Amino acid sequence: MKALYFLISVCILAFGLTISQIRYFILDTTYERVNYSLKHAAHDGALQIDDEQVADGIIEFKETVALDAIHLTLSKNLLLNQDLTPKEGSFITDPVNIVETIYIDDNFIDPSTGSIVTFPFTYKYSNPVLNIAIERPIFGPSIVCIIEAKVKFDDEYQRYVTIQEYKK
């Protein structure tokens, strides 16, 4: 009889560990997918530049078109609607929030100097409310994307930051 209780206990423990492993696998995979999708979204947004300005050697992002491209890429890669709310079957549980999108192009005003940026320069961003601090050298026109996403099996929003940079 003791052997039977022991066997049942081991089976319950094994089942619990398996369920826990599956949850962590889903969490890890979803976090990786969100990060992957954000990198591709920032890349697609960074492709939206003013063609006429490029002919003069100036990179200027079309911000509205770039933001639309970011939305579209995130929605396609994460099984979201265009408004970034999750579709049926998505591992994202709440709408994805684009916290901030910063376009650092040849017309970007450096906040520390008040003048048009010259590359390379050190980009600094801080948001104490969200516990985000970035300090990184930027060598060319870039888009900084910061999003929040809440995934299945996680009760809190996770923040993701990516910088798509084109070195000059």
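Helices (H or I, at least four residues) and strands (E, at least two) are DSSP runs, numbered from the N terminus. The structure is a predicted model, in which local features need pLDDT of at least 70 and side-chain atom pairs count only at pLDDT 80 or more, while totals for chains, interfaces and linings use all residues. Residues are numbered from 1 along each chain as its sequence is written, and side-chain values use heavy atoms, with hydrogens and water left out.

**Stop 1: the surface around Ile8**

Ile8 counts as partly exposed because its relative accessibility is 42%. Buried means under 20% relative accessible area, exposed means over 50%, and partly exposed lies in between (1.4 Å probe, protein chains only).

Now pick Ile134 together with Ile8. The two are 126 residues apart in sequence, and their C-alpha atoms are 51 Å apart in space.

**Stop 2: along helix 1**

Show helix 1 as a whole. Its end C-alpha atoms are 66 Å apart, which agrees with the 66 Å that its 45 residues should span at 1.5 Å a residue. The expected span is 1.5 Å times one less than the number of residues in the helix. Which residues of helix 1 are buried? They are Ile26, Leu27, Thr30, Val34, Ser37, Leu38, Ala41, Ala42, Gly45 and Ala46. Their cover includes helix 3, strand 4 and strand 5.

In strand 5 (residues 158-165), select Thr162. Thr162 counts as buried, because its relative accessibility is 6%. Leaving aside neighbours within four places in sequence, Thr162 is in contact (heavy atoms within 4.5 Å) with Leu38, Lys39, Ala42, Ile143, Val144 and Cys145.

**Stop 3: the nonpolar cores**

A nonpolar core is a set of buried Ala, Val, Leu, Ile, Met, Phe, Trp, Tyr and Cys residues joined through side-chain atoms within 4.5 Å. Select Val34, Leu74, Ile92, Val96 and Ile147: among the 23 residues of the largest nonpolar core, these touch the most other members. Two or more residues each come from helix 1, helix 3 (63-78), strand 1 (97-104) and strand 4 (142-149). Helix 1 gives the largest share, 6 residues. Centre on Val96, which touches Leu80, Leu84, Ile147, Glu148 and Ala149 when residues up to four places away in sequence are not counted. For the second, separate core of 15 residues, pick Ile104, Phe119, Phe121 and Tyr125, which are among its members.

**Stop 4: helix 3**

Helix 3 has 16 residues that should span 22 Å at 1.5 Å a residue, and its end C-alpha atoms agree, being 22 Å apart. Colour its buried residues: Ala66, Ala69, Ile70, His71, Thr73, Leu74, Ser75 and Leu78. Helix 1, strand 1 and strand 4 are among the elements that cover them. Just after the helix, Leu79 takes a positive phi of about 55°.

**Stop 5: the salt bridges**

How many salt bridges does the structure hold? There are 3, each being a side-chain nitrogen of Lys or Arg within 4 Å of a carboxyl oxygen of Asp or Glu.

- Select Asp94 and Lys150, whose closest N and O atoms are 3.7 Å apart. Asp94 lies in the loop between helix 3 and strand 1 and Lys150 in the loop between strand 4 and strand 5, so the pair ties together parts that are 56 residues apart in sequence. Asp94 is partly exposed, at 23% relative accessibility.
- Select Glu165 and Arg136, whose closest N and O atoms are 2.4 Å apart. Glu165 is in strand 5 and Arg136 in strand 3 (residues 132-138), so parts 29 residues apart in sequence are tied together. Glu165 is buried at 13% relative accessible area, whereas Arg136 is partly exposed at 30%.
- Select Glu148 and Arg159, which meet at 3.1 Å, N to O. The pair links Glu148 in strand 4 with Arg159 in strand 5, 11 residues apart. Glu148 is buried, with a relative accessible area of 9%, and Arg159 is partly exposed at 36% relative accessibility.
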